[in-house]
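Reader: I would like a close look at a single part of this model. Please keep the answer plain and define the terms as they come up.

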Amino acid sequence: MTDLGIIIISHSKGIASGIRDLLAEVAQDVAITSVGGTEDGGIGTSFDQVQTIVDENPKKDLLAFFDLGSARMNLEMVADFTDKGITIMQVPIVEGAYTAAALLQAGVNKEAILQQLSELEIKK
């Protein structure tokens, strides 16, 4: 299996756990970590929680999927403080993460996955 994992960051605990559960159905062998909401159960994201899921993911190269802008901001900051490679994907969180997970499970390499995901890219 590849040294590529997936991280999911959402402002909602339910969204993050739901996506992780969905991906687990098609990608049992893919390392997936996720976080949603704030430490106190509210809506939002935090640097510390994103750092934790990056550290907990056993892979050294991560595809990151997020829902809103401040999640991306926290991802960018965490990327500056880790030795892991983090590729932040600008795609719909569910469709992008599902596509990546299914392709990883099938043994597709990172370059081919990024090519597939480029078709889903949100340009704004």
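In what kind of crossing, left-handed or right-handed, does helix 2 pass helix 3?

Author: Helix 2 passes helix 3 in a right-handed crossing; a crossing is right-handed if the near helix is turned clockwise from the far one by less than a right angle, and left-handed if anticlockwise. This is a predicted model, in which local features need pLDDT of at least 70, side-chain atom pairs count only at pLDDT 80 or more, and totals for chains, interfaces and linings use all residues. Residues are numbered from 1 along each chain as its sequence is written, and side-chain values use heavy atoms, with hydrogens and water left out.

The two helices pack at an angle of about 60°, with their axes 9 Å apart. Helix 2 and helix 3 are therefore oblique to each other (angles under 35 degrees count as roughly parallel, over 145 as roughly antiparallel, 65 to 115 as roughly perpendicular and the rest as oblique). Helix 2 contributes Phe47, Val50, Gln51 and Val54 to the contact, and helix 3 contributes Asn74, Leu75, Met77 and Val78; contact means heavy atoms within 4.5 Å. By class, six of these residues are nonpolar, two are polar and none is charged.

Asn74 belongs to helix 3, residues 69–80. Asn74 is buried, at a relative accessible area of 6% (buried means under 20%, exposed over 50%, partly exposed in between, with a 1.4 Å probe and protein chains only). Not counting residues up to four places away in sequence, Asn74 touches Thr45, Ser46, Phe47 and Val50.

In helix 2, residues 47–56, the buried residues include Val50, Gln51 and Val54. The cover over the buried residues of helix 2 includes helix 3 as well as strand 1 (4–10), strand 2 (32–36), strand 3 (61–66) and strand 4 (85–88).

Note on methods. Helices (H or I, at least four residues) and strands (E, at least two) are DSSP runs, numbered from the N terminus. Axes are lines fitted to C-alpha atoms, for helices over the stretch in contact, and angles run from 0 to 180 degrees between N-to-C directions. Ala, Val, Leu, Ile, Met, Phe, Trp, Tyr, Cys and Pro count as nonpolar, Asp, Glu, Lys and Arg as charged, and the others, Gly among them, as polar.
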